[in-house]
Amino acid sequence: MRQVDISSISGLSRAQARKRLQSEGYNELPSAGRRSLPRIALDVAREPMFLLLMAAGSLYLALGNLEEAFLLLFFVFVVMSITFYQERKSERALEALRGLSSPRARVIRGGKVSRIAGREVVRGDIIVIDEGDRVPADARLSFSENLYVDESLLTGESAPVLKDARGGARAARPGGDGLPFIYSGTLVVRGRGLAKVEKTGGATQMGQIGKSLEAIEPRATILQLQTKRLVRNLAAIGLSLCVIVAVAYGATRGDWLGGLLAGITLAMATLPEEFPVVLAVFLALGAWKISKNRVLTRRMPAVETLGAATALCVDKTGTLTLNRMAAGSLVVNGKYFDLGKGIGAGGIPEDFHQLVEYGILASQRDPFDPMEKAIRRLGEHELARTEHLHDNWKLVQSYPLSEELMALSQVWRSPDGDEYVIAAKGAPEAIADLCHLGGNRLQELDREISRLAEAGQRVLGVGRARFRLNDALPSRQHDFDFEFVGLLGLSDPLRPEVPEAIKECYRAGIRVIMMTGDYPGTALNIARQMGLRGGEEVITGPELEQMPDEELRRRVRSANIFARVVPEQKLRLVQALAAGGEVVAMTGDGVNDSPALKAAAIGIAMGGRGTDVARESAAMVLLDDDFSSIVRAVRLGRRIYDNIKKAMAYIVAVHVPVVGLTIVPVLLGWPLILMPVHVVFLELIIDPASSVVFEAEPEEADVMRRPPRNPRAPLFGRRALSLSALQGLSVLAIVLFFYAFFYYRGHGLGTIRAMTYTTLIFANLGLILTNRSWSKTIFETIRIRNRALWLLLGSVPVFLGLVLYVPFLKSLFLFEQLKPVDIGVSFVAGFASIAWFELLKFLQGRRGRLA
């Protein structure tokens, strides 16, 4: 390595490194805690349905009814298995961070350079870094040569930053040129250096992000909270009724064991155990459908929650932009060529060829630097088959950037040339200094630079010089006689699909907010290109640093652009928006986005260019980085919520007759019709299977032309609950009429039970059809293509045939065999129970829909 003698550096001894590794631990982040299997089993055992099934099964064992007991205990096993299967895998974000922050590293130990695992680097190690290396730990440079580091994972700024061992003495945050600090997980794109490790593992900047992730608990979605509240309230009502029925039954009939069984049956009938099952099925199917549009859902509730999003926070680099620098403008002698408007069939005008030619000569042959890559791509595309590309030239010497001169030069020799050719590029002011520009030309150059900067472009100046072959090359760049060639404007282009996706968000009532680590001017330019509303107000990271929480909550109501923000500030912004009542969706792709992704109601990571950390922290991943996929996900989320409401309304309606059939016989002294096995089949098999029909319903016509729903609005409005209750009471009236009719005519209890249960199942189908759409009659809904509906309609006769005619199942359900005419009567009666709702739809002219 030039200018430093590695052999004179001893570094830590192996014994010192080993002792420090034992005392301070590995250079990695702690893994996230995982719930143990016993803990999961304990949580399942606290579920009300689980406890009721266990109680009913134990009672049947006490009564000597082994068939019923084993069947109910089998359902205990089913409930346990479903919960284990649906248990969300523990978060892997910290593991991804650990893998990212532990690359291979070259260290000097005992005076020798050796390559070790990054996790074995300890505080005090001397690390050797070179172009293409991933920095293994936070360190301070003791030597650097033309060292540029890509810190976009930590800052969000796409352009690499210059590192200088002679920079400031105080530690600083990532980002900014001329600092002597390098950070774990960042990438060296140019140059080389030596650094002494100061922080490892959780103490690094990457580790601080990991601690932020570890401290953030995933929040339950609004729908989950509402469903949990509804189930809890109904469970309380059910348990209260359970006690009343058990006491009434035991007191009037003297059968306290039977009374306890009747009470348990009522509690099972009241408890809406289908709600969580339906919620899980709908979200799983929704995630599967959206995956066909290249969107991966890591946390299924996020699919529905996205439909309620009111604010979409987007990171600029890699999310709105391609995170790939591209040449945007060329300026030569006052002439401008805008590459953003496209290059015609004639290519770049001849006047600009030398600017691109010398820009390439001032760059690496195989560059890591994204700006140098952009210049080379432009040259290879536009200067191919011209005399301006020189792959056969030999690089003789390089002059790196320095703190005194922010420009670099490269000296080339052609095979048949009689002179050295020198190409320089760097800060325009530095190139102007090399070229000794002054007076009016310098003022013109300032205007040209300002024009490109206002367009959000990074500006490089390019110069050229020649030098005699026989003379010794000078030690300074200033000793060459440079001529100013022109200016190169480079930018990170906006993704082409973003403007239309932003318009869709606005039409859907979703506010869009940009959060970036880049400069305010660049952010404003991107905001104009994408059509961001309210782009006049920009709040910067330093302003946020000084802003109290109360003022921040006030400012975020109107400000839509936040520039030069760091990870902790992105997280703080998301939390301020959430405190203001916003349902926040956050998109991003870098390590710097991961805390905010996890804290947001919906975190959305870019899958192609996104880091493992961002993907593991997010609830959803856009596999193709297509920003417009967010709009499709919003559409699907809103459709899912509408269909969940329809399914829940159906479940509430179908519970009413089941509860009634448990209470009324006790009050009137009739024999019990429904036993736990009947309720279990209804709640764990028939009702969830029927609810899948609603999942397949098409979206409403106005699904993307209405504002997001009020997150504080209840899952059921009064109108929806009233309609569901009326539907359930209608079914109950018909079923009780059949019960009383057959009971007083002297039919056997097995026949009465079979007729009542069969009528209830057919009424169940009627409820499905009438609740699919409050604006359509049964005949109209049947015409809508829905495979799940036809599968259900075909499976019901099969189920009834099994339980009514297979001896084992018939005895298990305590049924007597029915005649075909009896089944026909049950069919007519079941659908008659909801006929007046269909008549009401018709008379109202099919207006409105179930709210």
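**View 1. Helix H24 (residues 629–668) packs against helix H26 (residues 718–744) at an angle of about 40°, their axes 8 Å apart.** This is a predicted model, where local features need pLDDT of at least 70 and side-chain atom pairs count only at pLDDT 80 or more, while totals for chains, interfaces and linings use all residues. Residues are numbered from 1 along each chain as its sequence is written, and side-chain values use heavy atoms, leaving out hydrogens and water. Helices (H or I, at least four residues) and strands (E, at least two) are DSSP runs, numbered from the N terminus. Axes are lines fitted to C-alpha atoms, for helices over the stretch in contact, and angles run from 0 to 180 degrees between N-to-C directions.

**View 2. A look at who touches whom between H24 and H26.** On the H24 side, the contacts (heavy atoms within 4.5 Å) include Ala649, Val656 and Leu661; on the H26 side, Leu729, Val735 and Tyr739 are among them. Sorted by class, this contact has 15 nonpolar, four polar and no charged residues. Here Ala, Val, Leu, Ile, Met, Phe, Trp, Tyr, Cys and Pro count as nonpolar, Asp, Glu, Lys and Arg as charged, and the others, Gly among them, as polar.

**View 3. Strand S20 (residues 584–588) is mostly covered.** Five of its five residues are buried, meaning under 20% relative accessible area with a 1.4 Å probe, protein chains only. Val584, Met586 and Gly588 point one way, and Ala585 and Thr587 the other.

**View 4. S20 pairs with S9 (residues 311–315) and with S21 (residues 602–606).** Strands count as paired if DSSP finds at least two bridges between them. S9 and S20 run parallel, joined by four bridges, and S20 and S21 also pair in the parallel sense over four bridges. Zoom in on Thr587: it is the bridge partner of Val314, and Thr587 has Ile604 as its bridge partner in S21.

Technical notes
Buried < 20%, exposed > 50% of the residue type's maximum accessible area, 1.4 Å probe, protein only.
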